[in-house]
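I opened this entry to record the helix packing and then the overall dimensions of the chain.

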Amino acid sequence: MPVLNALQVRTQLQERLVEFALDDNFVRDERIRRACRRIWSGAPQEGGLVGEPWVEGSFNSLLSEQSLDTLVAAGEFNRELAEHLGKTIDGRPPVFPLARRLFTHQVEALEASRGAGKRPGLVVTAGTGAGKTEAFLLPILNELFQNDRGTTRGVRAIFLYPLNALVNDQVDRLHTWLHGQARIKLFHFTSETPETERDAQRRDIPADECRPRSREKAREDPPDIVVTNYSMLEYMLCRPQDAPLFGDALRAIVLDE
């Protein structure tokens with residue numbers, strides 16, 4: 001497998017930028033051109049066009065010996081949820097194969113969420129692609145599948161993001177995870193969410209049993225999970241019409257990104 005030589009890439013980038021700058025700022029006097037080349041090829045604090053490289057260690061996340069299969073066998077993960085995540089739906093591959101080994105931080109998050117007594121506050125920090133999202137999705141979905149709503153009211157989990165774009169990404173991902181079942185419902189609540197079913201129909205938003213498509217529907221039958229942003233949550237908490245979404249059912253709040 002080829003390895004990127006960062007120092008060589010930096011040198012090549014600097015040479016290309018210097019040549020581009022000389023061509024873009026053409027001068028006839030060769031002495032000035034040589035002076036420009038010397039300055040632009042030098043250290044960044046002396047006018048160089050490329051800064052010093054930033055060196056940062058990259059460490060792979062550790063794989064555990066556990067999988068959803070082994071956790072189900074040990075009675076530590078909901079069988080129905082594991083089977084749903086591990087099956088092919090509408091021709092799409094499984095979102096989380098049963099035999100896939102979990103990272104250690106994912107297993108630790110699941111273990112912490114099952115702790116007796118006061119519910120823990122978890123902070124997950126890991127590199128890009130290390131499965132941070134799964135580290136909170138798996139414990140929360142596991143609890144929602146394990147425990148019915150009962151007589152409690154309102155949403156059971158709130159996922160907060162700073163931007164609508166991040167909300168949309170997470171909703172798409174969650175919808176992929178939950179599509180094909182009706183036990184757990186999620187809702188996307190931002191300024192883009194249709195107010196009524198008629199609005200949703202007019203915008204050709206498809207209906208799905210695991211995902212209400214309008215605010216009107218979500219207020220009538222509060223979903224289990226709401227994905228929103230900070231500003232919208234503030235509005236929701238102040239508006240009387242959104243009061244049905246909040247009650248004694250809340251079990252988890254996720255602050256992501």
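At what angle do helix α1 and helix α2 pack? I noted that the model is predicted, with local features needing pLDDT of at least 70, side-chain atom pairs counting only at pLDDT 80 or more, and totals for chains, interfaces and linings using all residues. Residues are numbered from 1 along each chain as its sequence is written, and side-chain values use heavy atoms, leaving out hydrogens and water.

Helix α1 (residues 6-24) packs on helix α2 (residues 30-40) at an angle of about 145°, and the axes are 10 Å apart. Axes are lines fitted to C-alpha atoms, for helices over the stretch in contact, and angles run from 0 to 180 degrees between N-to-C directions. Helices are DSSP runs (H or I, at least four residues), as are strands (E, at least two), numbered from the N terminus. I listed the contact residues (heavy atoms within 4.5 Å): α1 gives Gln-14, Val-18, Glu-19, Ala-21 and Leu-22, and α2 gives Arg-33, Cys-36, Arg-37 and Trp-40.

Next I looked up helix α5 (residues 104-113) and helix α6 (residues 132-146), whose axes come within 9 Å and cross at roughly 25°. The two are therefore roughly parallel (angles under 35 degrees). Here α5 contributes His-105, Gln-106, Ala-109, Leu-110 and Ser-113, and α6 contributes Lys-132, Glu-134, Ala-135, Leu-138 and Pro-139.

The C-alpha trace spans about 85 × 45 × 40 Å along its principal axes. Of the 257 residues, 37% count as buried (under 20% relative accessible area, 1.4 Å probe, protein chains only).

Conventions:
Parallel < 35°, antiparallel > 145°, perpendicular 65-115°, else oblique. Buried < 20%, exposed > 50% of the residue type's maximum accessible area, 1.4 Å probe, protein only.
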